[in-house]
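The stops below are meant to be taken in order, each beginning with a selection.

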Amino acid sequence: MQGSSVNPPHILIAGAGLGGLAAALALLRRGFKVRILEQAPQLRELGAGIQLSANANRALFQLGLGDALDRVASAAAGKRIRLWNSGQTWPLFDLGAESISRYGYPYLTIYRADLHAVLVDAVRAMDPLAIELNARVVSTRQDEDGVTVTLADGSTRRGDILVGADGVHSRVRADLFGADEAAFSGTLAWRGVIPATRLPAHLREPYAVNWVGPGAHVIHYPLRRGELVNFVGILERDDWQVESWTQQGTIEECLRDFARWHEDVHTLIRALDQPFKWALMLREPLPVWSQGRITLLGDACHPTLPMLASGAAMAIEDGYILARCLDELAGDPAVALARYETLRKERTTRVVRGSAENARRFHNPALAHAEGAAAYVEREWNEDRVRERYEWLFTYDVDAVRVDRAA
């Protein structure tokens, strides 16, 4: 492994989000020197929940985070579909012990800030100086021997390889491939986190629940071992096109957007301290991620809508596979980065496409009336269709992927 090298390569990573931290931890564990350049003056992650399917947890557990995740995450017993107006419920699939027996790892729901903290602690435990704050990347330059990054204060950082893990508005991507091109999806998302004690027992059960309806859907699930409940409501609405996770809305406006929905949805909305709203934008996955000694991962190269609950999982997998490629194909950074891109592009593109398909599925007009909704749900979420949409996601094994050139 690369860790045995006397002078291991120095990897610069732009961005201390989930993908950048996962990549850093995977690289540190393989003996690389890593410096994460984070523009924020302090590390904090915005309040939202995410779902970690077995494929993501395989990578996180292999990175030594199983015990830490167990202390802060919630184990999902399963997923359910509920109809927007009547509340009629259908089981989507079981998780819990079945996820472990079928895929080898649990399905977890977790507060994004908690996962971020777990990753930060793990990185700093391996190298207390690995994360540099107030380090906003403004330009990049590479030559035959390495990469030079210029920061906003005019100082520079030098490394052998640069990884752009700096999100949908990636500065590294812009330097490589030009300005970002995004189109409004026609949908607005509401989000918030609820103290579980404010909710009745049936809204605190350990299930990821997906309410579906014409033109909108709502998702909720427990966080932090059941202390919190995550709320996301997404609807077709074209009068708000601000792409910001920190834009505050009001409970009254959110209630209006879901005015005719079941009382359980209204109960969730009223229990929010502060709802936030943001416009969901569509971006095509990049056809090329890497150039010489520079590559991208996560939202910087394959930003996805949240309808397949796999955006964080793809960034975590990216980081793990990137570390394997740089380790197992040591000696030629361009070859290693090209191999990483080849291994990840088809899968992540499929997630982007599948998320867009789910948006249409969740919002189908057939869900407007009870008589048509039951037939639609039973057709779209029967066992065979669910297996077709999710089995390829959950069975992915970051350790079984062939990295060598002959694969």
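The tour begins with confidence, goes on to the sheets and ends with the helices.

**Before selecting anything**

This is a predicted model, in which local features need pLDDT of at least 70 and side-chain atom pairs count only at pLDDT 80 or more, whereas totals for chains, interfaces and linings use all residues. Residues are numbered from 1 along each chain as its sequence is written, and side-chain values use heavy atoms, with hydrogens and water left out.

Colour the chain by pLDDT, the predictor's confidence in each residue, from 0 to 100. The mean for the chain is 92, and 96% of its residues reach 70 or more. Now select residues 1-5, where pLDDT stays under 50 and for which the model has 12 contacts beyond four places in sequence; contact here means heavy atoms within 4.5 Å.

The element names used from here on refer to DSSP runs numbered from the N terminus, with helices being H or I of at least four residues and strands E of at least two. Two strands are said to pair if DSSP finds at least two bridges between them.

Select the seven strands that form an open sheet in the order β6-β5-β14-β15-β16-β13-β17, with mixed pairing. Its edge strands are β6 (89-94) and β17 (276-282), each of which pairs on one side only. Neighbouring strands of this sheet are turned by 20 degrees against each other on average, direction ignored.

Which strands pair with β13 (residues 183-195) in the antiparallel sense? One is β17, over seven bridges, and within that pairing Trp190 has Lys277 of β17 as its bridge partner. Another is β16 (residues 228-236), over nine bridges, where Ala189 stands opposite Ile234.

Moving along the sheet, select β14 (residues 207-213) and β15 (residues 216-223), which run antiparallel and are joined by five bridges.

Next, select the three strands of another open sheet, with the order β3-β7-β4 and antiparallel pairing. β3 (49-52) and β4 (74-75) stand at the edges with a single partner strand each, so one side of each is left without a neighbour in the sheet. Four bridges join β3 to β7 (residues 108-111), and Leu52 stands opposite Leu108 in β7.

Then select β9 (residues 137-142) and β10 (residues 147-151), an antiparallel pair joined by five bridges. A hairpin of four residues leads from β9 to β10, and Ser139 stands opposite Thr150 in β10.

**The helices**

For the helix stops, axes are lines fitted to C-alpha atoms over the stretch in contact, and angles run from 0 to 180 degrees between N-to-C directions. Angles under 35 degrees count as roughly parallel, over 145 as roughly antiparallel, 65 to 115 as roughly perpendicular and the rest as oblique. A crossing is left-handed if the near helix is turned anticlockwise from the far one by less than a right angle, and right-handed if clockwise.

Select α1 (residues 18-29) and α9 (residues 311-328), which pack at an angle of about 30 degrees with their axes 8 Å apart; the two are therefore roughly parallel to each other. The contact involves Leu18, Gly19, Ala22, Ala23, Ala26 and Leu27 of α1, and Ala312, Ala315, Ile316, Gly319, Tyr320, Ala323 and Leu326 of α9. By class, this contact of α1 with α9 has 11 nonpolar, two polar and no charged residues, where Ala, Val, Leu, Ile, Met, Phe, Trp, Tyr, Cys and Pro count as nonpolar, Asp, Glu, Lys and Arg as charged, and the others, Gly among them, as polar.

By class, the contact of α9 with α10 has 10 nonpolar, one polar and five charged residues.

α10 passes α12 in a left-handed crossing. Arg347, Arg350, Val351, Asn358 and Arg361 in α10 meet Arg385, Glu388, Arg389, Tyr390, Trp392 and Leu393 in α12, and by class this contact has four nonpolar, one polar and six charged residues.
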